[in-house]
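Visitor: I am new to this structure. Please show me how to read its features, one at a time.

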Amino acid sequence: MNMTVNIAGVEWKNPVTVASGTFGSGAEYADFVDISRLGAVTTKGVASVPWQGNQTPRVAETCGGMMNAIGLQNPGIELFCQRDIPFLRKYDTKIIVNVCGRSEEDYCEVVERLGNEDVDMLEINISCPNVKEGGIAFGQNPKAAQDITRAVKKYAKQPVIMKLSPNVTDIGEMAKAVEAGGADAVSLINTLTGMKIDIRRRTFALANQTGGVSGPAIHPIAVRMVYQAAQAVKLPVIGMGGIACAEDAIEMMLAGASAVSVGTANFHNPTVTLEIIEGIEAYLKENHMEDVKDLVGAVQA
Amino acid sequence: MNMTVNIAGVEWKNPVTVASGTFGSGAEYADFVDISRLGAVTTKGVASVPWQGNQTPRVAETCGGMMNAIGLQNPGIELFCQRDIPFLRKYDTKIIVNVCGRSEEDYCEVVERLGNEDVDMLEINISCPNVKEGGIAFGQNPKAAQDITRAVKKYAKQPVIMKLSPNVTDIGEMAKAVEAGGADAVSLINTLTGMKIDIRRRTFALANQTGGVSGPAIHPIAVRMVYQAAQAVKLPVIGMGGIACAEDAIEMMLAGASAVSVGTANFHNPTVTLEIIEGIEAYLKENHMEDVKDLVGAVQA
Amino acid sequence: MAKMKKEIGKVVSQESIADGIFSMWIETEAAKCARCGQFLSMYTNDSGRLLPRPISICEIDKENGRLRVVYRVTGENTGTEQFSRMKAGDKISVIGPLGNGFPVEEAKGKKVFLMGGGIGVPPILELAKEIECEKKQIVAGYRDAQTFLKKEFEQNGELYISTEDGSVGTKGNVLDAIRENGLSADVIYACGPTPMLRAIKEYAAEKKIVCYISLEERMACGIGACLGCVCRTSQRDHHTNVHNARICKDGPVFLATEVEI
Amino acid sequence: MAKMKKEIGKVVSQESIADGIFSMWIETEAAKCARCGQFLSMYTNDSGRLLPRPISICEIDKENGRLRVVYRVTGENTGTEQFSRMKAGDKISVIGPLGNGFPVEEAKGKKVFLMGGGIGVPPILELAKEIECEKKQIVAGYRDAQTFLKKEFEQNGELYISTEDGSVGTKGNVLDAIRENGLSADVIYACGPTPMLRAIKEYAAEKKIVCYISLEERMACGIGACLGCVCRTSQRDHHTNVHNARICKDGPVFLATEVEI
Ligand SMILES: Cc1cc2nc3c(=O)[nH]c(=O)nc-3n(C[C@H](O)[C@H](O)[C@H](O)COP(=O)(O)OP(=O)(O)OC[C@H]3O[C@@H](n4cnc5c(N)ncnc54)[C@H](O)[C@@H]3O)c2cc1C
Ligand SMILES: Cc1cc2nc3c(=O)[nH]c(=O)nc-3n(C[C@H](O)[C@H](O)[C@H](O)COP(=O)(O)OP(=O)(O)OC[C@H]3O[C@@H](n4cnc5c(N)ncnc54)[C@H](O)[C@@H]3O)c2cc1C
Ligand SMILES: Cc1cc2nc3c(=O)[nH]c(=O)nc-3n(C[C@H](O)[C@H](O)[C@H](O)COP(=O)(O)O)c2cc1C
Ligand SMILES: Cc1cc2nc3c(=O)[nH]c(=O)nc-3n(C[C@H](O)[C@H](O)[C@H](O)COP(=O)(O)O)c2cc1C
Ligand code: FES
Ligand code: FES
């Protein structure tokens with residue numbers, strides 16, 4: 001059985017990675033999962049300098065999901081390169097560095113800096129709803145998305161995955177825009193912007209007022225968007241949003257994803273990624289399929 | 001304690017109505033709730049002629065919610081006026097007729113026809129994601145939304161509520177567009193477009209491929225959009241999306257809704273509307289508030 | 001008016017009667033006025049699962065205010081699996097009885113087939129108990145030797161069994177059992193998977209006999225409000241004003257000629 | 001490596017020990033290596049509720065592999081309410097032990113205050129049992145006469161009580177109890193609501209004594225990965241590289257001078 005997938009020229013041993021921001025840089029989950037078994041690790045977003053992030057409360061529970069407004073707290077690219085990349089390199093897995101920024105220069109600086117590092121792919125987060133200038137401006141406008149993609153590609157030594165926001169009218173248009181900008185792959189969905197109000201204190205549940213909704217609650221929306229994006233572009237699509245078991249991952253691949261990322265589900269079950277890999281294998285076996293790639297886009301009308 | 005609210009000149013005895021399409025025209029729920037206790041009844045969408053709707057399966061369960069693609073099946077305006085309006089008129093509640101159509105002419109025909117009828121308000125559904133031309137084209141483009149509002153207003157004898165789609169980049173912009181078009185109120189959110197794939201049969205779970213996601217899963221997204229719409233316009237906002245208990249309804253009002261609609265929750269608990277009305281009353285009492293209107297937009301940063 | 005509600009019933013007993021098939025007795029108000037062929041909307045206690053599971057009434061014990069349901073656990077991590085973990089004394093939310101039920105009066109003085117297939121077998125039991133007719137021929141189709149409810153059927157009529165694997169009775173489906181045993185009837189009542197109902201409808205048309213079939217569809221409200229569970233009708237339906245009837249409200253039992261399946 | 005997991009523990013016992021306060025003993029692997037001041041991530045079985053409830057370890061029974069938690073039901077339809085309905089024999093998913101725990105070695109030969117307020121009282125019990133010191137002064141603050149765990153505290157040190165309504169001990173908070181009884185100490189360990197911890201931090205600064213406080217924040221991962229549960233630190237934190245420490249991983253116990261609350 002062949003579980004490998006090839007995403008923009010990078011071969012993963014299986015199609016399962018973790019969603020940025022839900023797995024730190026891997027160190028904390030290393031107690032729970034053998035990181036070498038993952039297709040890839042996607043790191044928390046990193047910026048050119050350390051970011052303090054938002055005030056707390058930063059997280060809240062919602063029905064079937066959660067909301068977060070971490071605000072892209074990160075240690076900055078220097079410490080990240082010194083500490084987190086070498087840590088991950090000890091494992092036999094691909095490294096995808098998620099990059100955030102407030103301006104085109106920010107993104108390009110980080111991308112350029114990573115050109116010298118031993119990482120496999122870059123994921124550019126133009127869709128964080130939780131900081132005033134955390135890229136969402138790029139992620140909700142096709143023209144801006146195309147421009148930032150083109151700018152980043154100039155500096156990138158590794159394949160570039162553009163991470164799309166679901167808070168848009170037409171996800172296909174956004175996917176096409178980053179394809180036109182030269183992206184090597186797209187990933188989606190980032191979180192849907194939500195709000196929760198504490199009716200006892202009559203204030204916002206999150207200090208940031210709004211936050212990004214993730215988890216199983218958003219899964220059907222994510223599947224739809226992955227389907228539409230896969231229909232719109234030729235690029236490989238990395239699908240995510242509410243994947244919590246092998247069935248969800250397979251669904252995402254049938255919708256058109258070449259690989260999947262598991263986010264919020266890690267918080268509910270730290271070993272979920274391995275269970276998903278095993279579940280996909282079991283599904284292929286049961287259905288007498290030889291190659292996991294045969295799942296991609298295989299839904300029938 | 002004052003539970004009345006005034007929506008575009010129409011006084012409701014309390015701020016609770018039902019979401020279009022989840023309560024039929026009231027007849028089925030009359031076994032469960034005393035309809036006279038509702039602030040208003042919002043009917044299933046009605047078109048100029050009967051619509052057959054989509055193939056089955058039309059509904060599916062999702063985590064914390066459901067998906068539907070009914071496809072606006074309806075008996076047509078004539079039977080509706082003959083049978084459903086007289087039925088509802090027997091109760092001491094306001095009647096909001098939800099109107100759907102495929103073209104501007106469709107909408108205007110129904111709206112004009114309703115001018116002669118004893119109904120209190122019209123809700124124009126420009127946001128149904130489940131029929132190819134069910135209004136979503138109007139609901140995802142500010143210019144089109146403004147135009148259809150203006151057209152409908154020409155024929156309308158009753159106040160017009162424009163029902164907005166959440167499948168947009170900027171909900172505030174959409175609210176402003178219908179305000180500019182002359183809307184008397186806005187209601188939101190309609191369902192978020194989703195997709196579910198049956199991995200055993202490798203087909204879509206709904207015959208229509210995509211469907212609208214509703215229920216508690218979408219509540220935080222709905223609260224955020226209601227907040228943004230209420231900030232954007234001066235019109236009264238009718239808030240809905242995942243309201244399943246009094247707390248959810250109060251949250252929606254604190255975000256800026258002048259009234260709320262309860263949809264999917266009726267399927268889970270047919271008497272939920274009455275429990276919500278009682279729960280709001282209890283909350284006001286506990287918090288020594290005299291008037292339910294004091295909840296509207298009362299969230300504090 | 002306004003007298004029905006979602007009710008908190010009590011699990012009286014629960015047992016597994018075949019692989020993955022469970023039988024549960026529920027103490028519920030719904031028992032009072034229930035008829036054969038009606039169903040219950042059963043709710044899980046899980047806040048992530050909103051929609052009801054429509055489950056047919058398998059037996060009615062009016063005296064003790066109890067209903068029996070027999071259901072299949074459709075998979076891991078499903079609502080029916082959650083039901084199967086409930087124990088005597090647990091609370092279970094239900095709405096019912098729902099739907100129209102089987103028109104038993106049609107059977108007076110006639111030879112009838114009561115046909116159930118797969119998980120459509122359970123409602124046939126209460127039907128067999130209620131129906132009065134000249135000749136009561138129960139035809140139950142199973143996958144294999146796990147012929148749940150067999151004893152109860154034997155006590156309530158002539159029983160013919162078909163199994164897909166041929167391990168018990170006729171190898172094949174319920175129609176094969178009829179043919180093999182050379183049976184005939186004036187009225188048919190049937191519940192089971194759509195392909196089986198389609199075949200029975202055809203058979204009834206051929207033989208020109210009256211045939212009632214109980215249909216299945218995904219439901220949301222279960223009470224006729226959402227239009228989720230329709231089936232196509234040959235005539236314009238008087239309620240919907242289009243060629244669609246609501247299975248939960250106007251059915252689940254239809255005259256076979258009324259519906260297109 | 002890769003040895004921790006979400007584990008299915010077993011409820012050994014459950015009882016209500018005050019209005020809305022429950023005590024549960026759980027059989028779990030986590031008991032093996034747990035220390036005072038650490039916590040468990042407890043999960044509900046409800047698919048609509050994904051996130052763990054962080055609950056402090058109140059007592060450790062290494063011999064039998066059991067942990068005790070004491071928790072408040074925060075309202076209707078909450079996760080803690082679901083916990084409270086569990087019975088002996090039920091399964092409960094947990095991850096733990098998590099967090100750093102109280103540095104008990106600091107107390108050797110010293111006079112200490114062990115201060116708990118409200119639902120911050122429970123972790124003080126295991127602390128009181130583990131700590132070795134010259135003088136062990138337990139100060140517990142409650143709302144009213146429902147002074148849960150009082151007996152256990154009396155068996156493990158000198159107990160002083162404050163209540164908001166004055167029904168037992170000193171009327172007021174834990175600091176009022178210290179003042180009223182003229183107590184003093186060299187080291188403080190405290191857990192409770194932020195306003196209480198803030199006051200204790202100030203008191204310690206004034207008296208120039210070492211003070212450890214156990215903080216609370218909303219959590220998502222509970223293991224240091226998501227950065228959901230940070231508190232502001234006075235110095236740049238070496239892990240985060242900014243002025244934020246993770247309460248779940250670097251805490252929940254901090255030197256009061258390290259954090260800004
Ligand atoms: C009128 C009627 C009577 C029925 N009587 C019985 C019976 O007596 N015994 C029995 O075992 N089954 C019966 N069924 C089928 C039963 O409703 C489904 O097997 C059950 O709902 C599946 O739920 P789940 O939690 O196992 O599956 P899940 O996959 O968790 O269900 C997800 C959703 O899909 C719906 N769904 C899934 N499968 C079906 C289905 N086949 N039909 C309708 N809805 C479905 C569920 O209700 C739920 O809303 C009946 C169906 C209908 C319409
Ligand atoms: C390190 C630590 C130790 C704790 N120890 C105890 C203890 O021993 N006993 C006890 O009763 N409580 C303790 N708490 C508080 C306890 O975690 C919350 O009361 C509990 O999570 C509330 O969950 P719920 O299901 O009742 O509320 P819900 O409102 O249903 O919770 C919704 C979400 O908010 C989170 N949440 C709600 N209130 C709090 C809170 N005060 N702190 C953190 N998260 C919260 C929940 O974990 C959940 O994710 C502790 C908190 C922390 C951080
Ligand atoms: C706590 C948290 C932090 C996140 N941080 C980032 C981030 O730094 N960069 C990013 O691109 N996405 C971030 N995301 C979004 C996730 O990577 C993912 O797109 C989203 O959560 C949907 O997937 P899920 O439902 O599986 O969690 C974060 C999500 C969560 C819940
Ligand atoms: C089964 C179903 C049918 C619906 N039909 C309509 C409709 O005819 N017209 C309309 O404007 N909205 C329709 N809606 C959308 C609801 O009115 C509401 O906007 C949406 O479901 C969100 O609210 P909820 O989460 O409380 O259900 C329908 C929703 C459902 C679930
Ligand atoms: S399930 Fe709603 S009409 Fe039948
Ligand atoms: S809860 Fe995730 S870092 Fe603490």
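Guide: Let us start with one charged pair. Lys135(C) forms a salt bridge with Glu158(C), and their closest N and O atoms are 2.8 Å apart. Lys135(C) lies in strand S9 (residues 135-142) of chain C and Glu158(C) in strand S10 (residues 158-163) of chain C, so the pair ties together parts that are 23 residues apart in sequence.

Visitor: What is the model, and how are its parts labelled?

Guide: This is a predicted model, in which local features need pLDDT of at least 70, side-chain atom pairs count only at pLDDT 80 or more, and totals for chains, interfaces and linings use all residues. Residues are numbered from 1 along each chain as its sequence is written, chains are lettered from A and ligands numbered from 1 in the order in which they are written, and side-chain values use heavy atoms, with hydrogens and water left out. Helices (H or I, at least four residues) and strands (E, at least two) are DSSP runs, numbered from the N terminus.

Visitor: What is a salt bridge?

Guide: Side chains of opposite charge can pair when their charged atoms come close. The rule here asks for a side-chain nitrogen of Lys or Arg within 4 Å of a carboxyl oxygen of Asp or Glu.

Visitor: How many salt bridges are there over all chains?

Guide: A search of the whole structure finds 46. One of them joins the side chains of Glu61(A) and Arg53(D), at 2.8 Å from N to O. This pair crosses between chains, from strand S5 (residues 59-62) of chain A to strand S4 (residues 53-56) of chain D. Another links Glu81(D) and Arg85(D), with the closest N and O atoms 3.0 Å apart. There is also a network of salt bridges, linking Glu59(C), Arg68(C), Lys129(C) and Glu152(C).

Visitor: Are Glu61(A) and Arg53(D) buried or exposed?

Guide: First, the scale. Buried means under 20% relative accessible area, exposed over 50%, and partly exposed in between (1.4 Å probe, protein chains only). Both Glu61(A) and Arg53(D) are buried. Arg85(D) counts as exposed, because its relative accessibility is 53%. Back in our opening pair, Lys135(C) is partly exposed at 30%. Glu158(C) is partly exposed too, at 27%.

Visitor: Now a helix. How do I read H4 of chain A?

Guide: Begin with its length. The expected span of a helix is 1.5 Å times one less than its number of residues. H4(A) covers residues 142-155, which makes 14 residues. From first C-alpha to last it reaches 21 Å, close to the 20 Å expected at 1.5 Å a residue.

Visitor: Which residues of H4(A) are buried?

Guide: Ala145(A), Ile148(A), Thr149(A), Ala151(A) and Val152(A) are. They cover an arc of only 165 degrees around the axis, which puts them on the same side of H4(A). That arc is taken from the directions from the helix axis to the C-beta atoms. On the other side of H4(A), Lys143(A) and Lys154(A) are exposed.

Visitor: What do the buried residues of H4(A) pack against?

Guide: Contact means heavy atoms within 4.5 Å. The partners in chain A are helix H2 (104-114), strand S8 (121-125), helix H3 (136-139), strand S9 (160-163) and helix H5 (171-180). Look next at H2(A). Its buried residues include Tyr107(A), Val110(A) and Leu114(A). The buried residues of H2(A) pack against helix H1 (77-89), strand S7 (94-99), S8, H3 and H4 of chain A.

Visitor: How do I read a polar contact?

Guide: Look for a pair of N or O atoms within 3.5 Å; within protein, one must be able to donate a hydrogen and the other to accept it, and residues adjacent in sequence count only if both atoms are side-chain atoms. Take Asn190(B), in the loop between strand S10 (185-188) and S11 of chain B. Asn190(B) is buried, at 11% relative accessible area. Its side chain makes a polar contact of 2.9 Å with the side chain of Ser127(B). Another, of 3.4 Å, joins the side chains of Asn190(B) and Thr191(B).

Visitor: And where chain B meets chain A?

Guide: Buried area is the accessible area (1.4 Å probe) that two parts lose on being put together, summed over both. Chain B and chain A bury about 3,700 Å² between them, 66% of it on carbon and sulfur atoms. The contact takes 41 residues from chain B and 40 residues from chain A. Polar contacts join 15 residue pairs between the two chains (both at pLDDT 80 or more).
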